[in-house]
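Hi,

Here is the structure I promised to pass along.

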Amino acid sequence: MRRRLIFIVPVGIAAVTLFVFIGGEAVKLLWNWLLPELFGWRAITFWQALGLLALCRILFGGLGRHGGHRGMTSRMTPEERERFRQRIRERWGFGRPPGDAKAGNMV
């Protein structure tokens, strides 16, 4: 077990390092290829590209939280899901759900 761990840890560190390098280099190359020509922005360095990649991961990746709203509703029973949808409709002013007899003429 210990011998196996001695092999896996360096390979994992090398894989993460390679992944970070490829990601940063890809962002740098794409930025420097497109944005200075299209918008007149300055070229960026590898470290700026890596920072941009990390910022995008924080803003759009959710820091490891996967599923979001869909994950929450997938664990609900059909009745709970319908109550949840109804509360959202009422809160955000969507009115009654389609096919409701009390809906009347909605414009």
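Predicted model: local features only at pLDDT ≥ 70, side-chain atom pairs only at ≥ 80, totals over all residues.

How many helices and strands are there in the chain? The chain has 4 helices and 0 strands, so you can read it along the sequence simply as α-α-α-α.

On the overall picture, the chain has 107 residues, and 16% of them count as buried. If you take the contacts between residues at least 6 apart in sequence, 20% join residues at least 24 apart.

Helix α1 covers residues 2–39, which makes 38 residues. At 1.5 Å a residue it should span 56 Å, and its end C-alpha atoms are 54 Å apart, so the two values agree. There is a bend in α1 of about 30 degrees, located at Trp31.

Which residues of α1 are buried? They are Gly23, Gly24, Val27, Lys28, Trp31 and Leu35. Trp31 is therefore both a buried residue and the site of the bend. Part of the cover over the buried residues of α1 comes from α2 (46–61).

How do α1 and α2 sit against each other? Their packing angle is about 105 degrees, and their axes are 8 Å apart. That makes the two helices roughly perpendicular, because angles from 65 to 115 degrees count as such. On the α1 side, the residues in contact are Val20, Phe21, Gly23, Gly24, Glu25, Val27, Lys28 and Trp31. They meet Phe46, Ala49, Leu50, Leu52 and Leu53 of α2. By type, the residues of this contact split into 9 nonpolar, 2 polar and 2 charged. Lys28, one of the residues in this contact, is also on the buried list.

Last, α4. This helix takes in residues 78–92, 15 residues in total. From first C-alpha to last it reaches 21 Å, close to the 21 Å expected at 1.5 Å a residue. After α4 comes Gly93, with a positive phi near 75 degrees.

Happy to go through any of this with you.

Cheers

Technical notes:
Residues numbered from 1 in each chain as written. Heavy atoms only, no water. Expected span 1.5 Å × (residues − 1). Bend = angle between axes of the 7 residues up to and from the residue. Buried < 20%, exposed > 50% of the residue type's maximum accessible area, 1.4 Å probe, protein only. Contact = heavy atoms within 4.5 Å. Axes fitted to C-alpha atoms, helices over the stretch in contact; angles between N-to-C directions. Parallel < 35°, antiparallel > 145°, perpendicular 65-115°, else oblique. Nonpolar A, V, L, I, M, F, W, Y, C, P; charged D, E, K, R; others polar.
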